[in-house]
Amino acid sequence: MSNPGLLLDQYRIRDEPYYRPLRDEVELFSAAYASRMPVMLKGPTGCGKTRFIEYMAWRLGRPLITVACHEDMTAADLVGRWLLDAQGTVWSDGPLTTAVRLGAICYLDEIVEARQDTTVVIHPLTDDRRVLPLEKRGELIHAHSDFQLVISYNPGYQSAIKDLKESTKQRFAALDFGYPEHAVEIEVVSREAGIAPEIADLLVKIAAHSRNLKGQGLDEGASTRMLVNAGRMIGYGISLDKACETTIVVPLTDDADTRNTLRDVISACA
Amino acid sequence: MAIAQISSLENVRSGRRLAALLRGHDDVGSAVQATRATLERRPELVGRLVIWDVAVRDLFEANLGEAVVLNFLRLSEHWPAQHSVHDLLAIGRAVADIGRGAGSRVAHATLTELSKVLPRLAGAGEVTTVLAALCQLADAGPESVGLAVSRLEQLLGHAGAEGFSAWVSAGLRASGGRAARRRAYFGLEDALSARVLALGRTGDDFARLEKRLAATMVALWNRKPRFRKLAIPPTPVPRRTSLAAGLVGLPETFAGFEGERAESIYLAAVAHAGAHLVHSTVRFPVGRLKALQIALVSLIEDARVETLALREMPGLRRLWLPFHTAAPSGQATAAGLMTRLARALIDPDYQDPDAWVAKGRALFAAASDRWVDPAISREIGGLLGNDIGQMRLQFNAKSYVVEPSYRDDNLALWDFGDQPDAPSETIDLAVDSVRIERREDANGHSTDDTAKPDETLRARASAVALPDGLPVATYPEWDYAAGIERMDWTTVLEADAAPSGRALDLPTDGDAMRRITRLTRDASIGRRLRHKAQREGDALDIDATIAHMIARRAGQAGEPRVYQRDAPGPRDLAILLLLDLSQSTADRDRAGRTVLDVERKAAAIMAAAVETANDAIAVHGFNSDGRERVRYLRIKGFDEPMDAVVRARFAGISSSHSTRLGTALRHAGSYLGERRAFRKVLLVLSDGEPSDIDAPDPQYLTEDARRAVQQLRRRGIDIFAFGIGSGRFARLDRIFGERRAFRVPRIEVLPQRVMQLYTELKK
């Protein structure tokens, strides 16, 4: 804690993460970072949002503090809280506060999962004030010049209850992510899972069919991440059927009919 | 040994007691002794005779006449060894019970019928299930036991013991305590009765698989055709799948395919249909083609689309091939050769010596670079047709049916045009016409009902004059002009809604349904609870901190439970949906749907969704005919599941009379008042205009309803209104408040409105 440099070092990304740019998102993000503009990454789960931000953090040479948001998360989980030790109360910074003080990229993953009253703490950070008030401590932190806020947001979960407030949305520049095109997805899957492109091709085909089912029994089709998982299992010598069953069919749905449909798809493609 | 002696001693004593009881009834007495003697020789009964004696005694003391006892003795003597003796004794007890309720004739008939159906009830507990159902019926509807018993063999043959039991309890609930309705139900005159019974069977394969087939079609082909069930015609020609105008018609069963095989043939049929939808891009003009040529072109086209499909999804071959069973056989017929050609074209391993088949194969293979072009089917089919003609093989268009059975009838491939001089053969082939059963379309909107003119609907509604129900409560009404509340001004007549013969079908996979279900499940609407003295939390709990510090200074090592946090409490919600059933809800919108249709569907979707979320929901309806007759119908109670009976009640509600909203609100409020729930929600579905024959001033009932709403809100009940239909609903805002009155012009809007509702509920 005493040495900010050491603290920050643990958040640094040392090796280049594999990222295959889909379009011009790298340039766009770099431009946004140049003016420390808050960025929102939109897209279905498992399409590479988190990998992208890791890659960008590595490229820009900034530490990355990731917070996975969940519905019981409160403002204190982000900002920090008073704790008790032998001497009395001590303040402990939350991850957002650490990033603001020391100049990291703070990545709030799946921000809609957090309750709306939690997300408003980022408001003063995301306009030209760039400050973080710590009410409980009576402190106002001016953000480090390297600090940037990035959030991710899966529009698939959208509903009145889990949606961003208008006042939150409008503070961000947004990059829209989707599943990669067929050929690119094959490249990603075979590279990440270490399998032959022919098998990756098969998996990508299966995924494309499963994505047809979005809204017809599935909330989302099989993601690129799922395909990588399936590919890794196949790489360990598991048969295609079993690998798909374990990494695609069973995780995607509990509905017996939909599972059978997915199995039909797999057997039709194989 | 000693135990055996004691039991045989008991046995003798019990026999003596029974004989003493029967003294003076010599006929019965001697018959009982004779039967007893027979039973004593049966090893499985040793030691059980004492209980048997009790059963006989019970039956005798039930005073049902000697015939019943003698009948039971007969049954005992012929009791099949493979059946448990306990079942025999249970029958004795049950018949005594039934006799007490329904009389000795019915008891006698029950014994006779039971002895007939015994072989059917071989499964464990099946006899008990049937007896329990009969006793339940004897208890609640003694007049109907005879009706049910007289058809027992037929009913059990149809539905089995479990199905029978379900049928009985559904009947008792559906008839709402009315004997006439019970008699209609148990006499099988009621359509609902037949339907509930049919559910007990495995059900038609199509209905069982429809959801999965639709999903498979989307997954494989990204096409969303509507599926229709095709009734099996009473002709020997087997029914095939039929494609027409975005519809996929599937036979309700494929004869000869059961269980898993049924599943695969439906899947094969759907995969094939999808291949047509995607790859059969043009329709061939029929022109002057003969039936044989049409059949052959269709056959090549089938092979063409399947080949294209296999390029994309090679695994489909495993699905289709098992149905291709044709093999070279002695007598060559046109139809036989065609089936073999069909196989040759998709099964690369198939060997066929026939030159025509080989030629077909070669022609098809030669066109491989043009497979994407439908014209090749027309060319190759035409050539092959000429050959068949030269081979002088008979082709009977009337008996021809596409093989193998998963393939469709191929009528959709052809453009018949309107040529008056089309050859009659062609028409014969087309005669296998699509007889589509009337059923709900994608919107769950009954095609039957829309077809009927308004008048019929109204006439029917008034003909089935609503059973008024019992007067259960009186309520005050607010006179805004006079500024007084008139005590006991209105009377509520309450009854269960009458079920219709046809249960309402719920769209289980509809988009709206799915979204609402998820929304309801995920909505956290319980109160938030503050947990103090926690190990972890957002903030220090000051009291706990001080206590802890004191303890530490005093040298005690307490647990540092010094934080507090807020967390959502358990869900605790009761919703009452109140439907406006007044005459105005029979008005139709531009799409021809009545407000009632939309109300009914919205209510059914919500009820199903809320039930999925494990919250309590009731659905009630109302209309009125003056202040003395505010009819209040219970469609679904809080504790009733959305089963066939409730869905039949949904289907049975109709529009009539007026809307005395305030009184209905108060009565619904009294239901919610009794519920123990943190959140009580009253949701009104209405077309929005309170009115009644004895209230000429439109504002009067509006103001009364507004007051009722305010009173209920003070009692902690949240009230929301959905204005159904395309009106503006100016009054709705006045009554319920702007933020709590939502407009639902079409059923598709419902999910958004439900979202709004939950957002409001969260506040």
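Which residue in S5(A) does A:Thr66 stand opposite? In this predicted model, in which local features need pLDDT of at least 70, side-chain atom pairs count only at pLDDT 80 or more, and totals for chains, interfaces and linings use all residues, that residue is A:Tyr107. Residues are numbered from 1 along each chain as its sequence is written, while chains are lettered from A and ligands numbered from 1 in the order in which they are written.

Strand S5 (residues 105–109) of chain A runs parallel to S2(A), and five bridges join them; helices (H or I, at least four residues) and strands (E, at least two) are DSSP runs, numbered from the N terminus. Both belong to an open sheet of five strands in chain A, with parallel pairing (at least two DSSP bridges between two strands) and the order S2-S5-S8-S1-S9. Strands S2 (64–68) and S9 (173–176) of chain A each have a single partner strand, so one side of each lacks a neighbour in the sheet.

In chain B, the axes of helix H26 (residues 661–674) and helix H27 (residues 698–714) come within 7 Å and cross at roughly 15°. Axes are lines fitted to C-alpha atoms, for helices over the stretch in contact, and angles run from 0 to 180 degrees between N-to-C directions. H26(B) is therefore roughly parallel to H27(B), a term for angles under 35 degrees.

Between the chains, 31 residues of chain B are in contact (C-beta atoms, placed from the backbone, within 7 Å) with 27 residues of chain A. H12(B) gives the largest share of this side of chain B, seven residues.

Notes:
Two residues are in contact if their C-beta atoms, placed from the backbone, lie within 7 Å. Angles under 35 degrees count as roughly parallel, over 145 as roughly antiparallel, 65 to 115 as roughly perpendicular and the rest as oblique.
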